[in-house]
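Thanks for making the time this morning.

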Amino acid sequence: MEQVAAHAQVQVKEQHQQHPIRLYLVVWGFLFVLSACSYLVDYVGLQGYLRWFLILLFMILKAGLIVAVFMHMAWERLALVYAILLPPLLVLVFVAMMVSESNYTIFTRMAFSGGAQ
Amino acid sequence: MAQSVQTHTGETLEHPLGLRGVVADISSDQRAFKNVSWGKAMMWIFLLSDTFIFGCFLLAYMTARMSTPVPWPNPSEVFALTIGGQEIPLILIAIMTFILISSSGTMAMAVNFGYRRDRRTTAALMLLTAVLGASFVGMQAFEWSKLISEGVRPWENPWGAAQFGSSFFMITGFHGTHVSIGVLFLLIVARKVWRGDFDTERRGFFTSRRGNYEIVEIMGLYWHFVDLVWVFIFAFFYLW
C-alpha cells in the first residue's frame, strides 16, 4: 500500500520552471523602456487617436511580457493557457454592452436633464 | 477501505502537444492541468477571478466617464507634482510604475534562485520585493492624502465630473489593498525560506504538510498579477 501510494506520487510529479537569469533582466529592461514610452506619450502631450493607440499598444506589450515570461505562461501547457487567458476576453463583450449603455445614458442626460448631471 | 487501494497503471501516458493536447488534457479522466501542481492551478484560477473584479471596476469607470456630460478632470494635471519650482505631469505615478516593475523583476529572480535552492538569495530578493511594494503603498498613501487635501471626495472634486473621485478611490484603493496583502504574503514566505523550511521539509503550521520552493513561484504569480493590474490602471485611468 505504501509503495503504491509512493508510486502515485511520482506519477504526478510537476516540472519546475527554470530559465536563465539573463532572460528576466532583459524583460525587466523592456518593461522599463515600454513604461518610459507610455509616460512620454503623456509628457509630450500627444492627443486623439495616436495617443489612445500608443497607450493601448504599450499596455498590451507590457501585459504580454509580464504574463508570458514573469508568470511563465509561455512554457505552460495549452490547456492551462486557454483556461486562464480566454475567459478574460469575454470582458470585451461586457465593454461593448456598456459602451452602448453609456451612449444611451448620455443621450438621455443631454436631451432631458439639460446636460448638467 | 480495502476497495480504495490505488491501482498502478504502469508508465505515465504521453502528453500530446498543441490543440490535441488541450483536448486530451481536458477530456482525461484524471486532472486537466497535467504538469502544474494544485497550488499553482488554484492560484491561477484565483487570479482569473480577480481579473474579473478589476475588469468590472475599470468597466464601471469607463461607463461613468463616457456617460457624463461634465468634463472629466485631466489626470495629467491632477497628478502633477511641483518639484524644484517646476510642474511635472504625472511624475509620482511614473515613479510608482517603475517601482512596481522593479519589484516584479526582483520577484522573478527570487523564483529562479528558489528553484536553485539558494535560500539566502531567494529570501533577500523577496525582502527587496516587499520593501519596493511597501514603498509603492507609501507613495499611494501620499497621493491619496494630497488629493483629499485638495478637496477630492467620492462625491465631488474641484475640477469636473464628480465620478472622478469615486472611480479613483475605488480602483486605486482595491489595488493598494492587493499590494499590501502581497507584502504580507511576501514577508511570510520569505521568513519560511530564510529559516530553511523548504530544505529541511519542515511541516507547515496550518496544513502539517511539507512545503517546497514552488510556493515562491505561486507567491510570484500573485505579485506579478498585482503589477499586471497596475499596467491596466496606469493606461486607462492615468494616461487616457
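Which residues have the most contacts inside the largest nonpolar core? This is a predicted model, in which local features need pLDDT of at least 70, side-chain atom pairs count only at pLDDT 80 or more, and totals for chains, interfaces and linings use all residues. Residues are numbered from 1 along each chain as its sequence is written, while chains are lettered from A and ligands numbered from 1 in the order in which they are written.

The answer is B:Ala110, B:Met126, B:Leu186, B:Val189, B:Val216, B:Val229 and B:Phe234, in a core of 76 residues. By core I mean buried Ala, Val, Leu, Ile, Met, Phe, Trp, Tyr and Cys residues joined through C-beta atoms within 7 Å, where buried requires 20 or more other C-beta atoms within 10 Å of a residue's own, with C-beta atoms placed from the backbone. Helix H8(B) gives the most to this core, with 19 residues; helices here are DSSP runs of H or I, at least four residues, numbered from the N terminus.

Turning to the chains, 54 residues of chain A are in contact with 48 residues of chain B, contact being C-beta atoms, placed from the backbone, within 7 Å.

Within the model, the axes of H5(A) and H2(B), lines fitted to C-alpha atoms over the stretch in contact, come within 8 Å and cross at roughly 25°. That makes H5(A) roughly parallel to H2(B), the label for angles under 35 degrees. Among the residues that meet there are A:Phe94 and A:Met98 in H5(A), and B:Leu59 and B:Met62 in H2(B).

Note on methods: Contact = placed C-beta atoms within 7 Å. Buried ≥ 20, exposed ≤ 12 C-beta atoms within 10 Å, placed from the backbone. Helix = DSSP H or I, 4+ residues; strand = E, 2+ residues; numbered from the N terminus. Axes fitted to C-alpha atoms, helices over the stretch in contact; angles between N-to-C directions. Parallel < 35°, antiparallel > 145°, perpendicular 65-115°, else oblique.
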